[in-house]
Amino acid sequence: MNTGIEIREAHFPGRAPIDAYGNGGFRFAEMSHRGSLMCLPSGIHGWEPKQPPILTVADLDMILQQASDIEILLVGTGMDLCRIPEDVKAVLREHRISSDPMSTGAAVRTYNVLLAEDRAVAAALIAVE
């Protein structure tokens with residue numbers, strides 16, 4: 001019995017380098033995604049930050065669930081660099097996660113290098129046009 005279109009949460013169950021970014025999305029693992037991404041040890045997830053381009057404590061849930069597997073969080077804040085709020089940095093420090101904000105392009109390039117080095121890296125990437 002056909003029940004219609006099934007909308008599922010965007011999730012790629014693995015780690016993969018980001019091949020391209022721009023036009024409001026990303027390409028990776030021979031797929032594309034429109035919107036922002038959270039790249040975690042459990043895979044690549046579609047992500048809608050609460051207050052883009054700034055990371056908020058509310059955005060940390062998936063990160064904190066996997067904190068034992070993350071040492072570095074790269075935060076791609078769009079075209080321009082935006083600071084990570086102190087309350088967010090404090091929560092990440094409590095979980096022994098170093099956070100580095102940078103433009104999304106720089107975050108993608110850095111993520112790919114650290115991923116290739118098999119480092120415990122995660123990335124929160126705001127999509128850019």
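The secondary structure of the chain, in this predicted model, comprises three helices and nine strands, where helices (H or I, at least four residues) and strands (E, at least two) are DSSP runs numbered from the N terminus. Followed along the sequence, these elements occur in the pattern β-β-β-β-β-β-α-β-α-β-α-β. The radius of gyration, which is taken over C-alpha atoms, is compared here with a globule rule of 2.2 Å times the number of residues to the power 0.38. The chain has a radius of gyration of 14 Å, close to the 14 Å that this rule gives for 129 residues, so it is as compact as a globular protein of that length. Along its principal axes, the C-alpha trace spans about 50 × 30 × 25 Å.

Residues are numbered from 1 along each chain as its sequence is written, and side-chain values use heavy atoms, with hydrogens and water left out. Because the model is predicted, local features need pLDDT of at least 70 and side-chain atom pairs count only at pLDDT 80 or more, whereas totals for chains, interfaces and linings use all residues.

Of the 129 residues in the chain, 44% are buried, a term that means under 20% relative accessible area, with exposed meaning over 50% and partly exposed lying in between (1.4 Å probe, protein chains only). Contacts, defined by heavy atoms within 4.5 Å, were also examined by their separation along the chain. Among the contacts with a separation of 6 or more, 67% are accounted for by residues 24 or more positions apart.

Three strands form an open sheet in the order E2-E3-E4, and their pairing is antiparallel; two strands are said to pair if DSSP finds at least two bridges between them. Strand E2 (18–22) and strand E4 (31–34) stand at the edges and have a single partner strand each, so one side of each is left without a neighbour in the sheet. From one strand to the next, the twist averages 15 degrees. Strand E3 (residues 25–28) pairs with E4 in the antiparallel sense over four bridges, and arginine 27 stands opposite serine 32 in E4. Helix H3 (residues 104–116) packs on this sheet, where it touches E2 and E3, and the direction of the helix makes about 180 degrees with that of E2. For such angles, axes are lines fitted to C-alpha atoms, for helices over the stretch in contact, and the values run from 0 to 180 degrees between N-to-C directions.

Methionine 62 lies in helix H1 and is counted as partly exposed because its relative accessible area is 22%. When neighbours within four places in sequence are left aside, methionine 62 is in contact with Met38, Leu40 and His45. The C-alpha atoms of methionine 62 and histidine 45, which are 17 residues apart along the chain, are separated by 9.4 Å. Glutamine 66 is found in the loop between helix H1 (61–65) and strand E7 (72–76), and its relative accessibility of 13% is the reason why it counts as buried. Not counting residues up to four places away in sequence, glutamine 66 touches Leu40, Pro41 and Ser42.

Side chains of opposite charge can pair when their charged atoms come close. The structure holds two salt bridges, each being a side-chain nitrogen of Lys or Arg within 4 Å of a carboxyl oxygen of Asp or Glu. In one of these, the side chains of glutamate 86 and lysine 89 meet at 3.9 Å, N to O. Glutamate 86 and lysine 89 are three residues apart in helix H2 (residues 86–94), and therefore about one helical turn separates them. Glutamate 86 is partly exposed at 47% relative accessibility, and lysine 89 is partly exposed with a relative accessible area of 25%. Arginine 119 and glutamate 117 also meet through their side chains in a salt bridge (3.7 Å, N to O). Here arginine 119 is partly exposed at 34% relative accessibility, and glutamate 117 is partly exposed with a relative accessible area of 47%.

A disulfide is a covalent bond between the sulfur atoms of two cysteines. A search of the whole structure, with a disulfide taken as a pair of cysteine sulfur atoms within 2.5 Å, finds zero disulfides. Cysteine 39 is in no disulfide, and the nearest cysteine sulfur, that of cysteine 82, is 18 Å away. Cysteine 39 is buried, with a relative accessible area of 0%, and cysteine 82 is buried, with a relative accessible area of 16%.
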